[in-house]
Amino acid sequence: MERDREPTTTTTVTQMRTSIEKLGSSTEKYGDETLLRFLIARSMEPEKGAKMFLQWEKWRGQFVPLGFVPESEVPDELNSRKIFLQGPSKEGHAVMIVKTYRHFHSNDHLQFKKFVVHLLDKTIASAFKEGREEGNEKMIGIIDLANISYKNIDARALITGFQFLQAYYPERLAKCFILSMPWFFVSVWNFVSRFLEKATQEKIVIVNNGEEHDNFIKEVGEDVLPEEYGGRAKLKALQDVTLSHFPVRE
C-alpha cells in the first residue's frame with residue numbers, strides 16, 4: 001500500500017533517521033512507513049519522533065526478546081477464548097473483536113500485558129500483504145460489552161491495552177467501536193478515558209443507535225463482521241487463526 005507523500009514529509013522522515021542515529025541507534029531495518037507512524041504520533045516533530053522510536057525499540061528488546069510472545073506464555077488468557085480475529089475490513093485493516101463477558105480480572109498482570117502484545121502483534125500481522133510488513137498496517141478494534149456483569153469489569157485491563165497502543169503501537173489503531181455499553185459501565189469508561197490521548201479518543205465510536213450501527217457495518221464490512229453484528233462471517237478465535245508468517249511457539 002503506497003502512500004503519496006509531500007516532499008516535506010520525506011524530508012522530515014530523513015531528519016528523524018538522522019536524530020535516531022545521533023542518539024546511537026540505527027533505522028536500517030525500518031522503512032519510511034514505520035518511522036512515519038512515530039512522527040505522526042509526535043506531531044511530525046523529528047526529535048520527539050526519534051525519542052519515541054528509541055523508547056519503543058528499548059521496550060521491545062526487553063519485553064519481547066524473542067520478537068514475539070509465544071502462546072505458551074499466555075495460556076490462561078488464551079483459554080478464555082475472548083479475542084477473535086476476523087478478515088480485513090473494506091479498507092484492508094485487520095479486525096479484532098473482544099468479547100468482554102469472557103474476561104475476568106487476573107492477578108497475573110504480567111501475563112495479561114504479554115497477552116496484549118501477543119494479540120496486537122498477531123492482529124497487525126494478519127493485515128500484512130503476502131506475509132510482509134510494510135509498516136503502515138492498521139487495525140479496527142471492536143469491544144463488545146454485551147452480557148457483561150460487574151465481575152467482568154476491569155478498568156486496569158482496558159487502560160493497559162490502550163496505553164500499549166499509544167506508547168508502542170503508534171498509529172496502528174484505525175478505529176475502535178464499543179458496542180452494547182450498559183449504564184453501569186459509563187462511569188468506568190469515563191475513568192478509562194482520562195488515560196487516553198486526544199488522538200486516541202477521536203478514533204473511538206460508542207455505538208448507541210441504529211444509524212450508528214449501520215455506519216459501523218458499512219465501515220467494517222458485512223463479509224468480515226460475524227452474523228450477530230449484522231454481517232455474514234463466522235467468529236474466528238485468535239488462537240484458531242493460523243498465519244504462516246507469525247510464530248506462536250518457541
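Me: How many helices and strands are there in the protein chain?
Reply: This is a predicted model in which local features need pLDDT of at least 70, side-chain atom pairs count only at pLDDT 80 or more, and totals for chains, interfaces and linings use all residues. Residues are numbered from 1 along each chain as its sequence is written, and side-chain values use heavy atoms, with hydrogens and water left out. Helices (H or I, at least four residues) and strands (E, at least two) are DSSP runs numbered from the N terminus, and by that rule the protein chain has 9 helices and 5 strands.

Me: What radius of gyration does the protein chain have?
Reply: The C-alpha trace spans about 50 × 40 × 35 Å along its principal axes. The radius of gyration is taken over C-alpha atoms, and the globule rule is 2.2 Å times the number of residues to the power 0.38. For 250 residues a compact globule would come near 18 Å, and the protein chain agrees with this, having 18 Å.

Me: Which residues does UniProt assign to the feature "domain: CRAL-TRIO"?
Reply: UniProt positions are given in the numbering used here, with feature names shortened, and annotations may be inferred rather than shown by experiment. The record, an unreviewed entry, places the feature at residues 71-237.

Me: Why is strand β4 described as largely enclosed by the rest of the structure?
Reply: Buried means under 20% relative accessible area, exposed over 50%, and partly exposed in between, with a 1.4 Å probe and protein chains only. Of the 250 residues of the protein chain, 50% count as buried. Strand β4 covers residues 173-179 and is largely enclosed because its buried residues number 6 of the 7.

Me: Which residues does Met181 touch, not counting residues up to four places away in sequence?
Reply: Met181 lies in the loop between β4 and α7 (186-193), and its C-alpha atom is separated by 26 Å from that of Gln239, 58 residues apart along the chain. Contact means heavy atoms within 4.5 Å. With the residues up to four places away left out, Met181 touches Leu145, Val186, Trp189 and Ile206.

Me: Is His93 buried or exposed?
Reply: His93 lies in the loop between β1 (83-86) and β2 (94-99). Leaving aside neighbours within four places in sequence, His93 is in contact with Gly87, Pro88, Lys138, Met139, Ile140 and Ala174. Its relative accessible area is 18%, so His93 is buried.
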